[in-house]
Amino acid sequence: MQHYPYAKGALYQLYTSPEHVSDISLEAGESLKAMSAGDTVRWIIGDMVSGTGAEAQVHILVKPIEAGLSTNLVIITDRRSYYLELKSLKTTYMAALSWSYPQSEMKRLKQHNILAQSKSHNTVGTDLNLNELNFAYSITGDTPDWKPYRAFDDGQKVYIEFPRDIATGEAPPLFVLGKKGQVELVNYRMKGRYYVVDRLFKAAELRLGEDPQQKITITRKSKKQIRKLAKKTKKGA
């Protein structure tokens with residue numbers, strides 16, 4: 001069996017034998033449009049399809065009637081063109097010939113990475129229970145492009161949601177503030193477009209730059225503030 005990396009305009013060799021059939025396999029999902037051989041009298045050439053749907057694969061079957069022959073074969077599909085030189089030998093032959101497609105594989109890999117990145121950017125976790133999330137956080141301060149949309153917690157961790165393009169720019173450091181306003185160390189990490197903070201906090205700041213420094217304050221609302229807001233909402237309704 002012979003496996004070639006496909007290159008546009010390249011000429012590929014296929015060795016055949018009168019006592020055997022050689023199978024030329026195209027890419028799965030590729031459709032045959034036209035096929036032409038230089039010598040159609042002393043060469044038997046036909047095509048068939050295996051599989052169905054997106055996995056359907058075209059096979060070109062080649063068999064010479066005698067040894068010592070040579071001709072060429074051109075295969076045109078909906079994706080590319082193949083150019084082959086056919087030679088018939090007495091005993092040596094290739095049972096099958098196929099290609100790998102570096103460009104197609106790179107395209108599929110790129111699409112896979114884009115999809116994976118998109119999923120990562122739009123999800124923070126699959127184990128979060130929406131009914132148990134606390135969204136009672138206020139976000140105040142400057143209005144940089146990276147200003148978070150919202151913050152919420154699940155009772156153990158705080159999640160800070162940023163705009164989609166946060167990963168392409170400089171991410172602001174997070175500082176948790178203690179009761180007296182002092183900076184406290186906290187473990188956090190970026191997951192997609194979220195900061196995941198490993199513990200709850202009452203107040204924290206995002207700071208970026210020096211002159212002038214951009215600053216955002218994230219504050220967890222107290223139960224009293226939540227009740228007051230709920231009363232206002234009911235009155236407005």
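1. Surface and overall make-up. The accessible surface of the protein comes to about 15000 Å². Carbon and sulfur atoms account for 51% of that surface. The model is a predicted one. The protein has 237 residues, and buried residues make up 33% of them. Its secondary structure consists of 2 helices and 18 strands.

2. The largest nonpolar core. This core holds 21 residues. Ile24, Leu73, Leu84 and Trp99 touch the most other members. Several strands each supply at least two residues of the core: E2 (11-16), E6 (57-64), E7 (70-77), E8 (81-88) and E9 (96-100). As general background, nonpolar side chains tend to be buried together in soluble globular proteins.

3. Ile24 up close. Leave aside the neighbours within four places in sequence. Ile24 is then in contact with Leu14, Val58, His59, Ile60, Val62, Leu73, Ile75, Leu84, Leu97 and Trp99. Leu73, Leu84 and Trp99 in that list are also named with Ile24 as the residues touching the most other core members.

4. Ser25. This residue sits in strand E3, which covers residues 22-25. Is Ser25 buried or exposed? Its relative accessibility is 11%, so Ser25 counts as buried; the cut-off for buried is under 20%. The side chains of Ser25 and Asp23 are joined by a polar contact of 3.5 Å. Beyond four places in sequence, Ser25 touches Gln57, Val58, His59, Leu97, Ser98 and Trp99. His59 is also the bridge partner of Ser25 in E6.

5. Strand E6 and its partners. E3 pairs with E6 in the antiparallel sense, over 4 bridges. Strand E5 (residues 43-50) also runs antiparallel to E6, and 8 bridges join the two. Within that pairing, Val49 has Val58 in E6 as its bridge partner. E5 and E6 form a hairpin with 6 residues between them. Gly51 lies in the turn and has a positive phi of about 80°.

6. The E11-E12-E16-E15 sheet. Here 4 strands form an open sheet in the order E11-E12-E16-E15, with antiparallel pairing. Which strands stand at the edges? They are E11 (150-153) and E15 (188-191). Each has a single partner strand, so one side of each is left without a neighbour in the sheet. On average, neighbouring strands of this sheet are turned by 20° against each other, direction ignored.

7. Strand E16 (residues 194-197) is joined to E15 by 4 bridges, and the two run antiparallel. Tyr188 has Val197 in E16 as its bridge partner. Met190 also belongs to E15. Its relative accessible area is 36%, so Met190 is partly exposed. Apart from neighbours within four places in sequence, Met190 is in contact with Ile166, Ala171 and Tyr195.

8. Strand E17. How many of the residues in E17 are buried? The count is 5 of its 6 residues, and the strand is mostly covered. E17 pairs in the antiparallel sense with strand E13 (residues 174-177), over 4 bridges. Leu177 has Ala203 in E17 as its bridge partner. E17 also pairs with E18 in the antiparallel sense, here over 6 bridges. In that pairing, Leu206 stands opposite Ile216 in E18.

9. The E17-E18 turn. E17 and E18 form a hairpin with 5 residues between them. In the turn, Gly209 has a positive phi of about 90°. Pro212 lies in the loop between E17 (203-208) and E18 (214-220). The peptide bond joining Asp211 and Pro212 is cis, with omega about 0°.

Definitions and conventions:
Residues are numbered from 1 along each chain as its sequence is written. This is a predicted model: local features need pLDDT of at least 70, side-chain atom pairs count only at pLDDT 80 or more; totals for chains, interfaces and linings use all residues. Side-chain values use heavy atoms; hydrogens and water are left out. Buried means under 20% relative accessible area, exposed over 50%, partly exposed in between (1.4 Å probe, protein chains only). A polar contact is a pair of N or O atoms within 3.5 Å; within protein, one must be able to donate a hydrogen and the other to accept it, and residues adjacent in sequence count only if both atoms are side-chain atoms. Contact means heavy atoms within 4.5 Å. Two strands pair if DSSP finds at least two bridges between them. Axes are lines fitted to C-alpha atoms, for helices over the stretch in contact, and angles run from 0 to 180 degrees between N-to-C directions. A nonpolar core is a set of buried Ala, Val, Leu, Ile, Met, Phe, Trp, Tyr and Cys residues joined through side-chain atoms within 4.5 Å. Accessible areas come from the Shrake-Rupley method with a 1.4 Å probe; for residues, only the protein chains shown count as cover.
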